[in-house]
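Open the structure in your viewer and keep the selection tool at hand. Each stop below says what to select and what is found there.

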Amino acid sequence: MRVLVVEDEAKVADAVRRGLEAEGFAVDVAPDGPEGVWLAGEHRYDVIVLDIMLPGMSGFRVCEELRRAENWTPILMLTAKHGEYDLAEALDSGADDYLTKPFSFVVLLARIRALLRRSGRAAPITHSAGDLRVDPATHRCHRGDVEITLTAREFEVLEFLMRRVGEVVSKVEVLDNVWDFAFDGDPNIVEVYIRHLRKKLDEPFGRHAIETVRGAGYRLDPGGG
Ligand code: CA
């Protein structure tokens, strides 16, 4: 899967690129509108992540240009929270979906996967560890036949651990992937979410799926605890 990221903020572009590459995507970054249009014409991408406020040419114009050239690659537009643009304009210009900044990487990834599924480019994915199962498309979590109700953020923390099942992940990694790029609060917030998850996923079932690895972080047991 190949993704084009058209984004002039180097910090955001770089974080998105690194995150997607870690998920196995090939990523190209264009720092302005004209470069984005050019790259999209030169290569075949599966998804384009397109910022609206760009030097040279706005995301709207890039989108219109591509559609005019009959390029139907799914486009996910990035909009500013209190931006001057109407979100409807993003969709009117031919985008398939939009995401409001600041956003978390997990949500970005979920939206990209949803676009890939809708365009028939990827099979749906569920993650499992033993009898523990999460379905990112429906945001549902099960332990065996029992459905577990999680908040959106709890789900995202668990989904991240499930994607890295069996590996040790640090608090900072969880923070970088689940909270938005601009978050610079206390990494110990992750502990709070891990505690909530254990109360829901492990304690009622007498299990220990989420292990603490002293001084390193957490590890989700591939057997589900
Ligand atoms: Ca921008």
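Predicted model: local features only at pLDDT ≥ 70, side-chain atom pairs only at ≥ 80, totals over all residues.

**Stop 1: the calcium ion**

Select the calcium ion together with D8, D51 and M53. These residues supply the protein donors: D8 and D51 each through OD, and M53 through its O atom. The donors lie 2.1 to 2.3 Å from the ion. Read along the sequence, the donor residues follow the spacing D-x42-D-x1-M.

Now colour by accessibility. D51 has 4% relative accessibility and is buried, because the cut-off for that class is under 20%. M53, at a relative accessible area of 46%, is partly exposed.

**Stop 2: V49 in strand 3**

Select residues 47-51, which form strand 3; V49 is in this strand. Is V49 buried or exposed? V49 is buried, with a relative accessible area of 1%.

Show what surrounds V49, leaving out residues up to four places away in sequence. The contacts of V49 are then V3, L4, V5, V6, L76, L78, L108 and I112. For a sense of scale, draw a distance from V49 to H196: the C-alpha atoms are 33 Å apart, and the two residues are separated by 147 residues in sequence.

**Stop 3: L66 in helix 3**

Move to helix 3, residues 59-68, and pick L66. L66 is buried at 5% relative accessibility. Apart from residues up to four places away in sequence, L66 touches V37, A40, I48, N71 and I75. A C-alpha to C-alpha line from L66 to E159 spans 34 Å, for a separation of 93 residues along the chain.

**Stop 4: two backbone details**

Select E70, in the loop between helix 3 and strand 4 (75-80). Most residues other than glycine have a negative phi, and most peptide bonds are trans. E70 is not a glycine, yet its phi is positive, at about 60°. The residue is exposed, with 60% relative accessibility.

Next, select K101 and P102 and look at the peptide bond from K101 to P102. Is this bond cis or trans? It is cis, with omega near -5°. P102 sits in the loop between strand 5 (97-101) and helix 5.

**Stop 5: cysteines**

Select C63 and C141. C63 is buried, at a relative accessible area of 0%. C141 is buried as well, at 1%. How many disulfides does the structure hold? The count is zero.

**Stop 6: helix 5 against helix 6**

Show helix 5 (residues 105-118) and helix 6 (residues 152-163). Two packed helices are described by the angle between their axes and the distance between the axes. Here the angle is about 75° and the axes are 10 Å apart. Helix 5 and helix 6 are therefore roughly perpendicular to each other.

From here, select H127 in strand 6 (residues 127-129). H127 is buried, at 11% relative accessibility. Leaving aside neighbours within four places in sequence, the contacts of H127 include R113, E159 and R163, along with L132, R133, V134, P136 and M162.

**Stop 7: helix 6 against helix 8**

From helix 6, R153, E154, V157, L158 and L161 take part; from helix 8 come Y193, I194, H196, L197, K200 and L201. The contact of helix 6 with helix 8 has seven nonpolar, one polar and three charged residues.

**Stop 8: helix 7**

Finish with helix 7, residues 171-178. Which residues of helix 7 are buried? They are V174, L175, N177 and V178. To see what covers these buried residues, show helix 5, helix 6, strand 10 (168-169) and helix 8 (189-202), which are among the covering elements.

Methods:
Residues numbered from 1 in each chain as written. Heavy atoms only, no water. Donors = N, O, S within 2.8 Å, 3.2 Å for Na, K, Ca; no water. Buried < 20%, exposed > 50% of the residue type's maximum accessible area, 1.4 Å probe, protein only. Axes fitted to C-alpha atoms, helices over the stretch in contact; angles between N-to-C directions. Helix = DSSP H or I, 4+ residues; strand = E, 2+ residues; numbered from the N terminus. Parallel < 35°, antiparallel > 145°, perpendicular 65-115°, else oblique. Disulfide = S-S within 2.5 Å. Contact = heavy atoms within 4.5 Å. Nonpolar A, V, L, I, M, F, W, Y, C, P; charged D, E, K, R; others polar.
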